[in-house]
Amino acid sequence: MTSTDSDRWGECMDVAVQIARKAGKMVQEAVKQEKRVRSKSTPTDLVTEADHQVEELIISTLRERFPSHRFIGEESSAAGEKCILTDNPTWIIDPIDGTCNFVHSFPMVAVSIGFAVNKELELGVIYHCFDETLYTGRKGHGAFCNGVRLHVSKEKDVSKALILTEIGAKRDPHTLDIFLGNLKKLLSAPSHGVRIIGSSTLALCLLASGAAEGYYQYGLHCWDIAAAAVLIREAGGCVMDTTGGPLDLMSRRVVAAGSQEIADYIVQQLQPISYGRDDHDP
Ligand code: IPD
């Protein structure tokens with residue numbers, strides 16, 4: 001990468017921050033209106049008109065500013081656009097993470113904008129729409145919440161850990177048995193507890209902030225994790241595959257933790273849930 005590229009990613013960061021704030025305001029307005037809700041892959045995988053409008057705002061603004069860049073967006077992908085990460089500069093966007101929360105006005109909803117070059121995550125911007133918190137992270141430049149530097153928890157002992165997870169959209173009995181089995185193992189470690197807040201992105205921001213020690217999930221998407229992964233790494237934490245290998249952004253599974261010890265512990269407990277991949281056709 002040349003120094004010009006590096007300066008350019010700085011410009012990308014500034015633009016992403018402006019758009020995330022604008023998109024966040026749009027979500028704040030939309031949450032007060034009546035919502036038209038539809039389901040996508042399963043009855044619990046929800047989408048509203050606001051998801052589409054916010055994604056359109058983010059992508060059209062970024063495209064105007066960076067015409068050669070590529071885009072992966074949650075709703076564009078749901079509408080059939082291919083979800084393929086190439087070496088080209090690519091924005092990875094979740095217009096409303098926590099759509100089910102948004103539908104219920106449950107205050108854990110975020111706009112998430114990640115950016116990758118040569119398949120490496122370079123920056124992430126996440127705007128918490130209810131409390132107006134802005135999370136930013138850029139590779140090699142640190143992670144911040146409203147400008148204050150973030151650090152993960154360095155706790156290594158799982159018996160003193162708070163662990164976060166999310167449920168995912170599949171609710172068939174076999175999937176739920178595995179989900180509950182994994183939950184039981186992590187609770188009976190014993191850990192201090194397990195929390196589910198309804199937004200993968202914000203849960204990962206809490207991990208980056210040191211408010212929890214571990215995170216795991218099957219069934220999330222690349223747009224749920226792209227931006228937050230930069231924050232966690234820059235805050236000193238680790239993000240990896242549920243098998244313990246390197247993170248595969250398209251694999252729909254992740255383990256993240258403040259310390260390698262907690263990450264390794266979680267990896268050892270998990271029984272896998274199969275969700276396919278983001279970059280495969282349905
Ligand atoms: C979902 C939420 C949810 C998680 C799902 C995500 P969406 O994102 O983060 O908590 O369990 O895996 O896909 O659909 O609200 O953008």
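Tutor: A pocket here is an open set of grid points, on a 1 Å grid over the protein atoms alone, where a 1.4 Å probe fits and protein lies on both sides within 12 Å along at least five of seven lines. Its volume is the space filled by probe spheres set on those points.

The model is predicted. Its largest pocket has a volume of about 1,200 Å³, and the space taken by the ligand is this pocket. The lining consists of 47 residues. Those nearest the pocket's centre are Ser41, Asp45, Glu74, His221 and Arg252. Among secondary structure elements, helix H3 (74–78), strand E4, helix H4 (99–104) and helix H7 (222–234) are the ones that give two or more residues to this lining. Divided by class, the lining has 14 nonpolar, 17 polar and 16 charged residues.

The ligand itself has a shell of 17 residues. Asp97, Gly98, Thr99, Glu166 and Gln217 are the closest of these. Strand E4, which spans residues 90–97, supplies the largest share of the shell, with three residues. The class count for the shell is three nonpolar, nine polar and five charged.

For Asp94, a polar side-chain atom is 2.9 Å from an oxygen atom of the ligand. In Ile96, a backbone N or O atom is 3.1 Å from a ligand oxygen. Ser200 also places a backbone N or O atom 2.9 Å from an oxygen atom of the ligand. On its own, the ligand has 380 Å² of accessible area, and the protein covers 88% of that area.

The second largest pocket holds about 240 Å³ of space. Its lining runs through Ile84 and Leu85, then Lys119, Glu120 and Leu121, then Arg233, and then Pro246, Leu247, Asp248, Leu249, Met250 and Asp279. By class, this lining has seven nonpolar and five charged residues, with no polar residue.

Beyond helix H4, which contributes to the lining of the largest pocket, Ser105 lies in the loop between H4 and strand E5 (110–117). Ser105 is not a glycine, yet has a positive phi of about 55 degrees. Elsewhere, Pro190 is found in the loop between helix H5 (173–187) and strand E11 (193–195). The peptide bond from Ala189 to Pro190 is cis, with omega near -5 degrees.

Technical notes:
Residues numbered from 1 in each chain as written. Predicted model: local features only at pLDDT ≥ 70, side-chain atom pairs only at ≥ 80, totals over all residues. Heavy atoms only, no water. Near = heavy atom within 4 Å. Polar contact = N/O pair within 3.5 Å; in protein donor to acceptor, adjacent residues only side chain to side chain. Areas by Shrake-Rupley, 256 points an atom, 1.4 Å probe, with all protein chains shown as cover. 1 Å grid on protein atoms, 1.4 Å probe; cavity = no way out; pocket = protein on both sides within 12 Å on 5 of 7 lines; lining within 4 Å. Sits in = over half its atoms within 2 Å of the grid points. Helix = DSSP H or I, 4+ residues; strand = E, 2+ residues; numbered from the N terminus. Nonpolar A, V, L, I, M, F, W, Y, C, P; charged D, E, K, R; others polar.
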